[in-house]
Amino acid sequence: MRRLRTRLAGALLSVLALSLAATGCGGDSGAAPAKTSAAASGQPANRVEPLAKAPEPRLPVTVRSADGRRVTVRQARRVVPLSGSLSEIVFTLGLGDRVVARDITATFAQAGKLPVVTRGHDVSAESVLSLRPDLVIAETTTGPAEAVDQIRAAGVPVLFVKAAKGLADVGPRIRTVAGALGVPAAGAELTRRSEQRIAAVRKGVPTGGPRPRVAFLYLRGSASVYLIGGRDSGAGSLIEAAGGVDAGAASGLGKDFTAITSEALVKAAPDAILVMTKGLESVGGVDGLVKIPGVAQTPAGMDRRIVSVEDGVLLNYGPRTDQVLTSVVGQLYAKDGAR
């Protein structure tokens with residue numbers, strides 16, 4: 001989610017400016033059996049599923065951070081992962097009892113009682129340091145840079161992990177985090193489990209008919225922000241894995257996100273619309289969504305074919321991605337009776 005927020009920043013400013021102008025206002029190495037862990041439709045369970053046996057970290061280790069630095073991790077008793085996705089990985093590896101804080105995007109149940117160390121979209125160095133962490137794990141999009149520098153200056157190791165862009169990043173991110181925590185075998189096990197479950201879901205995707213065109217819309221009705229995802233929105237990999245075509249990218253939208261216009265939606269011609277749950281709620285649900293100019297004129301709007309997934313997990317590309325994919329597939333093909 002932090003990666004999405006970072007990429008959205010410029011687009012949001014542009015859209016807000018347009019809106020104001022318009023209104024006149026200023027472990028075990030054995031392979032786990034392939035299975036899925038969510039129902040065929042609806043929202044993924046808001047919990048992570050740790051490995052059966054919690055591993056014991058073997059430290060110290062020295063690893064390469066995504067920002068090019070070499071980071072030595074001597075202890076991992078008090079860990080602060082600075083994104084929901086990274087928190088999911090640490091908890092699912094079986095090391096959740098070592099996590100002492102969370103980013104606001106870590107919305108799963110096991111992390112719910114942890115103190116939040118972000119203010120809006122930014123990390124609070126003071127909040128992080130007050131918890132005496134011995135390791136901070138950050139996304140390459142984590143900021144501001146001054147806060148990260150302050151944490152490092154206090155002597156806390158900070159490991160940057162390359163931000164996820166699609167399904168291919170699930171395994172590398174898990175292995176990177178597991179390696180830094182001194183549990184590489186557990187990382188290999190979790191990678192196998194995650195990839196097997198994703199593969200199992202993909203095998204059940206209906207085939208034989210036209211691939212549905214799916215547009216990813218980012219909505220924040222309270223701020224009059226309505227964006228359509230393009231080639232680099234982060235949703236394309238998920239849409240393709242569900243057997244669909246990224247309608248925004250296919251219509252020629254090269255940017256990450258573009259302000260929604262009737263023309264853009266007509267050109268994208270989505271058969272279905274993918275949204276985050278809170279975004280959908282912010283516009284008044286499906287009834288409000290179809291009132292956004294252009295939506296009602298698309299095949300998706302006419303059929304009210306909307307796929308919604310909880311904000312904190314949709315684009316995480318981590319241990320719960322099989323659940324996300326299961327939910328997307330179930331909702332996407334529900335009207336076809338294909339599942």
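# Rings, charges and crossing helices

Reader: Hi! Does Phe216 count as buried or exposed?
Author: Happy to start there! This is a predicted model in which local features need pLDDT of at least 70 and side-chain atom pairs count only at pLDDT 80 or more, while totals for chains, interfaces and linings use all residues. Residues are numbered from 1 along each chain as its sequence is written, and side-chain values use heavy atoms, with hydrogens and water left out. Buried means a relative accessible area under 20%, exposed over 50% and partly exposed in between (1.4 Å probe, protein chains only), so at 1% Phe216 is buried.

Reader: How many aromatic pairs does the whole structure hold?
Author: Rings of Phe, Tyr and Trp (its six-membered ring) pair if their centres lie within 6.5 Å; planes under 30 degrees apart count as stacked, over 60 as edge-to-face and the rest as tilted. A search of the whole structure for such pairs gives a total of three.

Reader: What is the angle between the planes of Phe216 and Phe257, and how many residues apart are they?
Author: Their ring centres are 6.0 Å apart and the planes make an angle of 65°, which is edge-to-face. The pair links distant parts of the chain, with Phe216 in strand 8 (residues 213-220) and Phe257 in strand 11 (residues 257-259). Helices (H or I, at least four residues) and strands (E, at least two) are DSSP runs numbered from the N terminus.

Reader: Which residues form one aromatic cluster?
Author: Phe257 is buried, because its relative accessible area is 5%. Tyr218 also pairs edge-to-face with Phe257, at 6.4 Å centre to centre and 65° between the planes. Tyr218 lies in strand 8 and Phe257 in strand 11, so this pair ties together parts 39 residues apart in sequence. Put together, the cluster is made of Phe216, Tyr218 and Phe257.

Reader: Which residues are linked in a network of salt bridges?
Author: Glu49 is partly exposed, because its relative accessibility is 31%. Arg197 also bridges to Glu49, with the closest N and O atoms 2.9 Å apart. Arg193 is buried at 8% relative accessible area, and Arg197 is buried at 3%. The linked residues are Glu49, Arg193 and Arg197.

Reader: At roughly what angle do helix 2 and helix 6 cross?
Author: Axes are lines fitted to C-alpha atoms, for helices over the stretch in contact, and angles run from 0 to 180 degrees between N-to-C directions. The axes of helix 2 (residues 84-95) and helix 6 come within 10 Å, and the crossing angle is roughly 110°.

Reader: Which residues of helix 6 meet helix 2?
Author: Contact means heavy atoms within 4.5 Å. On the helix 2 side, the residues are Ile89, Thr92 and Leu93. On the helix 6 side, they are Ala186, Gly187, Leu190 and Arg193.

Notes. Salt bridge = Lys/Arg side-chain N within 4 Å of Asp/Glu carboxyl O.
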